[in-house]
Amino acid sequence: MTIGHSNIFIKHCLLIKYKWMDITFAIVILLCFWVVLAVGLDCKFLKIPCNYDSKTISNINTILLNLSYSYIAGCIFYFLSVTLPRYKARRTIRKGINIKMQSIQKALNDILQCFAEGTKLSAKDCSKKNIQNIFTGKDWNDIDKESELFGYNRTTMQACCLHNQYILREIDALITTYKEYLNAEVLSLLEELRNSRFIINTAIYSHCKSSSTSVKEGLADEYINMLNLYKKISELI
């Protein structure tokens, strides 16, 4: 297992852990409210019959009721002192997160535009078939038009690598700056995006003079996977 795959595995484990924590919290808070209703408000239909003597039952009920009150009070305090301020802060910084996400989306669009140049195919059509046609119909050794405008003779693949580096910087900035405002699932998906096979393989193919159709189709599929990952992240943020 590589380091990148190991990090993704750890993120998935943390995601499962946090989900179980959420489920446990919900169960405990429901039990506390049940105790308050059954014992504190004496809702007889919620009580569970038992064979203990009345004194023992009273003592157990008192302990459970006090524990329930303490847990509910702790939850209210946590909500007011931690959850609510964090929610307000997240609303404030959402603009910054959205700017980073839009930058990643623009870089992904620019990558497809690089490959679409000279193919007479539209880079605005992100269907699987069109993307595959763009990647297979392009000569990867063609000089990138945008780079040429700035006096650089970069091939399409080399220009793509530059866009990938920009995506990596934006992902790093998202994780570093806004980590506490992103949940475990989003962080896990960002790690997957950062370790995308498309980014790894384009760095390799940038040193190759020619590529077969099967290689081009494979890279197209990897690019599509990146788009799908980005969409998942956008839906969760």
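**Exercise 1. The lining of the largest pocket**

Determine which helix of this predicted model gives the most residues to the lining of the largest pocket, and classify that lining.

*Solution.* 
Step 1. Helix α2, which spans residues 54–116, gives the most to this lining, with six residues.
Step 2. The lining consists of Tyr78, Val82, Thr83, Arg86, Tyr87, Arg90, Glu180, Tyr181, Leu182, Asn183 and Ala184.
Step 3. Sorted by class, these residues comprise six nonpolar, two polar and three charged.
Step 4. The volume of the largest pocket is about 420 Å³.

**Exercise 2. The second largest pocket**

State the volume of the second largest pocket, and identify the helices that each supply at least two residues of its lining.

*Solution.* 
Step 1. The volume of this pocket is about 280 Å³.
Step 2. Its lining is formed by Trp34, Val35, Ala38, Val39, Lys47, Ile48, Cys50, Tyr52, Ile57, Ile60, Asn61 and Leu64.
Step 3. Two helices, α1 (3–40) and α2, each supply at least two of the lining residues.
Step 4. The classes are 10 nonpolar, one polar and one charged.

**Exercise 3. The packing of α7 and α8**

Describe how helix α7 packs with helix α8, giving the angle, the distance between the axes and the handedness of the crossing.

*Solution.* 
Step 1. Two quantities are required, because a pair of packed helices is described by the angle between the axes and the distance between them.
Step 2. For α7 (residues 197–205) and α8 (residues 213–236), the angle is about 145° and the axes lie 8 Å apart.
Step 3. The handedness of this crossing is left-handed.
Step 4. On the α7 side, the contact involves Arg197, Phe198, Ile199, Asn201, Thr202 and Tyr205; on the α8 side, it involves Val215, Leu219, Glu222, Tyr223 and Met226.
Step 5. Seven residues of this contact are nonpolar, two are polar and two are charged.

**Exercise 4. The packing of α5 and α7**

*Solution.* 
Step 1. The crossing of α5 and α7 is left-handed.
Step 2. From α5, the residues in contact are Met157, Cys160, Cys161, Asn164 and Leu168, and these meet Phe198, Ile199, Thr202, Ala203 and Tyr205 of α7.

Conventions: Residues numbered from 1 in each chain as written. Predicted model: local features only at pLDDT ≥ 70, side-chain atom pairs only at ≥ 80, totals over all residues. Heavy atoms only, no water. 1 Å grid on protein atoms, 1.4 Å probe; cavity = no way out; pocket = protein on both sides within 12 Å on 5 of 7 lines; lining within 4 Å. Points joined across faces, edges and corners; volume = space filled by probe spheres on them. Helix = DSSP H or I, 4+ residues; strand = E, 2+ residues; numbered from the N terminus. Nonpolar A, V, L, I, M, F, W, Y, C, P; charged D, E, K, R; others polar. Axes fitted to C-alpha atoms, helices over the stretch in contact; angles between N-to-C directions. Left-handed = near helix turned anticlockwise from the far one by under 90°. Contact = heavy atoms within 4.5 Å.
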